[in-house]
Amino acid sequence: MIESLLVANRGEIARRIIRTGRRLGIRTIAVHSEADGALPFVTEADEAVCVGPANPAQSYRNVEAILDAARSTGAEAIHPGYGFLSENADFARTVEGAGLVWVGPGADAISAMGDKINARNLMAAAGVPVAPGTTEPASDLDAAVAAAAEIGYPVMVKAAAGGGGMGMGVAADEAALRTEYDKVRAFAERMFGDGSVLIERYFPRVRHVEVQILGLADGRVVALGERECSVQRRNQKLVEESPSPAVSPELRERFLAAAVRAGEAVDYRNAGTVECLLDPSTQEFFFLEMNTRLQVEHPVTEYVYGVDLVEEQLRVASGLAPTFDPDALTPRGHAIELRINAEDPKRFMPGPGAITTWNEPSGTGIRVDSGYVAGNTVTPFYDSLMAKLILTGATREEAVERARAAVAQFEIVGPKCNLPFFAELLENPEFLSGDYDTGIVSRMR
């Protein structure tokens, strides 16, 4: 096992990684911006290094500053968490080129899956279902219009280099496509430095279901069940649960087999997620993208399968066998995760601010992965996620009951907070039935 680990991230995910590192006897090093010096992850690590100003480009995305921190502290490995540099193939190569251990998939796999068009084509060749769409970027508006006419409206206009629900638009007809194409292309150039756009069939009523995979040190790829991620605002997740209430045992087998094929197609190592769209009316599913990193929602899988995914990541990176038997993975119970964000609960606009009160719920079946405590400030420089509230139980109904109680107990004063939205969702008949789709939040608003 590696002996020292630099965590190239912040907030709750940095605390999460540090917690497992401490349990395994690994010396942990935190890097932080000037704005984050008072956050818990900084003091909980064995060492901490300030890597720059609040601007992420000058701190958490500053490759040289992070590598300098690794060198000065004698770090043996780097864990990138999620976001920032976690899916940057050049960073992965640079880390390994510096003689450090990269806790993540290989740079070639990151590159292969980072381009949405290339990923679609690879998955189709591997026998993974993909939605009707372009096999190369729509080079201009006329090409996009021609592609959409062949695919059939409505269509999704997507940034080929995008991810995390960003860089997407829906067009119901040619007039809308002409508007969305220009918007998505401009956004993609600004955010990702790549204006390539692809066109896919859009399914008005669809569920977002993903599969957790783990590429083991011996070359095998295993799947640790699925997660339902259909409660979203602006194509970004708010709630995840496992197992999915929409997935039957037969459908689960097909999902997991397809996810394993996806991982094997790129010689995948370490943790990753194969995201799919599920048409509930036909039970057909289609590859959406692969996230080549640890997901925000990994705790629900940890409960259902009884594994510590961060520990498994570290074992793969160290060339060690997993703690579990890959041939005897058995799910148990149900888990739900609520993303507690600093945003208003109606329009979901960010609302940073100083935290004057922070009282977390506790009890059986309640886990809180948080990035803040009272006295900290949620700044406008980073994602609005403050904490993840994970509720578990023997059944979905029990997990929902615990979610209601935990949401009522969680007290956050200072920044805006979306806890009232979750109180509303947990009484929503559509959500309670389990028969919901990605439009549930818009129907509530």
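A residue is called buried here when its relative accessible area is under 20%, and the legends below apply that word to a predicted model.

**View 1. Arg 293 sits in a loop between a strand and a helix.** The loop that holds Arg 293 runs between β13 (284-291) and α10 (298-305). With a relative accessible area of 14%, Arg 293 falls under the cut-off and is therefore counted as buried. The side chain of Arg 293 is joined to that of Glu 87 by a polar contact of 2.9 Å. Leaving aside residues up to four places away in sequence, Arg 293 touches Gly 81, Tyr 82, Gly 83, Ser 86 and Glu 87, and also Tyr 268, Ala 271 and Gly 272.

**View 2. Helix α10 is mostly covered.** Of the 8 residues of α10, 7 are buried, namely His 298, Pro 299, Val 300, Thr 301, Glu 302, Val 304 and Tyr 305. The residue that follows α10 is Gly 306, which has a positive phi, near 65°.

**View 3. Arg 15 belongs to helix α1.** Helix α1 spans residues 11-23, and Arg 15 lies within it. The relative accessible area of Arg 15 is 18%, which means that this residue, too, is classed as buried. A polar atom of the Arg 15 side chain lies 3.0 Å from the backbone oxygen of Ser 370. When residues up to four places away in sequence are not counted, the residues that Arg 15 touches are Pro 40, Phe 41 and Glu 44, together with Ser 370, Gly 371 and Tyr 372.

View 4. The buried residues of α12 are Arg 396, Ala 399, Val 400, Ala 403, Ala 406 and Val 407.

View 5. A disulfide is a covalent bond between the sulfur atoms of two cysteines. A search of the whole structure finds 0 disulfides, and for Cys 229, which is in none, the nearest cysteine sulfur is that of Cys 276, 11 Å away.

**View 6. The whole chain gives the setting for the close-ups.** The chain has 15 helices and 20 strands. Its radius of gyration is 21 Å, close to the 22 Å that the globule rule gives for 445 residues, so the chain is as compact as a globular protein of that length. Taken along the principal axes, the box filled by the C-alpha atoms is roughly 60 × 50 × 45 Å. Of the 445 residues, 57% count as buried. Among contacts between residues at least 6 apart in sequence, 65% join residues at least 24 apart.

Conventions:
Residues are numbered from 1 along each chain as its sequence is written. This is a predicted model: local features need pLDDT of at least 70, side-chain atom pairs count only at pLDDT 80 or more; totals for chains, interfaces and linings use all residues. Side-chain values use heavy atoms; hydrogens and water are left out. Helices (H or I, at least four residues) and strands (E, at least two) are DSSP runs, numbered from the N terminus. Buried means under 20% relative accessible area, exposed over 50%, partly exposed in between (1.4 Å probe, protein chains only). A polar contact is a pair of N or O atoms within 3.5 Å; within protein, one must be able to donate a hydrogen and the other to accept it, and residues adjacent in sequence count only if both atoms are side-chain atoms. Contact means heavy atoms within 4.5 Å. A disulfide is a pair of cysteine sulfur atoms within 2.5 Å. The radius of gyration is taken over C-alpha atoms; the globule rule is 2.2 Å times the number of residues to the power 0.38.
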